[in-house]
Amino acid sequence: MKTDISIYVHVPFCSRRCIYCDFASYVNDRFISDYFDALYHEIEIVSKQLGDAHVFTLYFGGGTPSHVPIKYISNLVDKIRVNFLYDPAEITFEMNPEDVTVDLCHDLKVIGVNRVSLGLQSTSDQLLKVIGRPYDLSMFLKKYDLTRGYFNNINIDLMYNLPFEILPDVESDLRIVEKIRPDHISFYELEVHEEVPLYPMIKSGTVKLPSEDESEKMYETIIESLDKLGYERYELSSWTRGKPSIHNINYWENGEYIGFGLSAGSHHEMRRWVNTFDLGEYVQKLIKGELPRTYNSINSFKTELAETFFMGLRLEKGINLVSLKERFGNEDVNFYIKKLEKFCGEFLDCSNEIIKFTPNGMKFSALVLSELV
């Protein structure tokens, strides 16, 4: 019996590194060829282990997939097509504005890409400079129009709570959304991790983040404005006009997915594994025919259930308890329902065999989700 899977491919190369980025990424292009050779090996090894797996979504993320020559992406798609049952309904490709050209858009269409994600982050030229993005709003708008000529499913990434950001900056972001009408919006709150360059800048006082009150006003403005513009919030950080991400929904429903490349994670038949974050180790292990995993574990039944709760609550539709009990049994499901009972009412809607966030609960989702960790 064939298994339906999503495939994620991590392309870790960038033209420069943003000061907030904690992803596995490199600015040295001389490793691109070796990296893709290793990727091809990983695909061959894993595909033999999985058997008849049917690929229904494919996602190229990074890093910056648009930074590498298109021949590597094309060859990689061919490798996946040969090694899996390949008929994806959605192929997403992440691009940065500075990389967008007529040739790239044409070549992506040829290899089957039907959804693109453009990294904007902010419409403020000043803030873009602060966080290290190599374009301005004028360039983004030109490249968005070019991309729109080839694709009818475009996501844009935006962030709030950026260094020195004020409410009018977020309001400007929303005016641009109203103007260009992307099909999908991912709007994230900036999270600062200790290992990124931005962290010591904040600690030393060189860089200042918005206050808690300012950040809350930004959040409320985003929610209210996108609703007025006709965008449906179907996940904590995701809004759409009728074109939700099929690939990401599979993550949030704790489905089957395989990640290839540096730092990529996978979930298959209750097993989870994560690849190494070290580029040299990744390449060398695959040269020797070894899988470059840094974490590999089989979930217990209860852990699988907890993860299904944790991920499913991110979705606006929440979790259907009837189907969950059919899959995991009443006793274990009731255990987690009991853990969440104290949030019912203010933060969770617990009626009609569904558990989902209330509007206020979405705002304080971290508080509720931490109960499941």
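## Rings, a pocket and a buried serine

Arginine 293 sits over the face of tryptophan 273, 4.1 Å from the ring centre. Keep in mind that this is a predicted model. Aromatic rings come up a lot here, with 17 aromatic pairs found in a search of the whole structure. Below you'll also find a rundown of the second largest pocket, at about 250 Å³, and a look at serine 117, a buried residue.

**Charges over rings**

- Besides the arginine 293 and tryptophan 273 case, there's lysine 302, which lies over the face of phenylalanine 335.
- For lysine 302, the distance to the ring centre of phenylalanine 335 is 4.1 Å.

**Aromatic pairs**

- The whole-structure search turns up 17 aromatic pairs.
- Phenylalanine 309 belongs to helix H11 (residues 301-312) and tyrosine 336 to helix H13 (residues 330-340), so the pair ties together parts that are 27 residues apart in sequence.
- Both phenylalanine 309 and tyrosine 336 are buried.
- Elsewhere, one aromatic cluster is made up of Phe13, Tyr35, Phe36, Tyr40, Tyr72 and Tyr282.

**The second largest pocket**

- There's about 250 Å³ of space in the second largest pocket.
- Its lining takes in 13 residues, and the ones nearest the centre are Ile223, Arg233, Thr358, Pro359 and Met362.
- Sorted by class, the lining has seven charged, five nonpolar and one polar residue.
- Three elements each bring at least two lining residues: helix H8 (212-228), strand E15 (354-357) and helix H14 (359-363).
- H8 gives the largest share of the lining, with four residues.

- You'll find serine 117 in strand E4 (residues 115-121).
- With 2% relative accessibility, serine 117 counts as buried, because the cut-off for that label is under 20%.
- Once neighbours within four places in sequence are set aside, serine 117 is in contact with Tyr59, Thr92, Phe93, Glu94, Met95, Asn155 and Asp157.
- Glycine 61 is 56 residues away from serine 117 along the chain, and their C-alpha atoms are 9.2 Å apart.

Technical notes:
Residues numbered from 1 in each chain as written. Predicted model: local features only at pLDDT ≥ 70, side-chain atom pairs only at ≥ 80, totals over all residues. Heavy atoms only, no water. 1 Å grid on protein atoms, 1.4 Å probe; cavity = no way out; pocket = protein on both sides within 12 Å on 5 of 7 lines; lining within 4 Å. Points joined across faces, edges and corners; volume = space filled by probe spheres on them. Nonpolar A, V, L, I, M, F, W, Y, C, P; charged D, E, K, R; others polar. Phe/Tyr/Trp six-rings, centres within 6.5 Å; stacked < 30°, edge-to-face > 60°. Buried < 20%, exposed > 50% of the residue type's maximum accessible area, 1.4 Å probe, protein only. Lys NZ or Arg CZ within 6 Å of the ring centre and 35° of its normal. Contact = heavy atoms within 4.5 Å.
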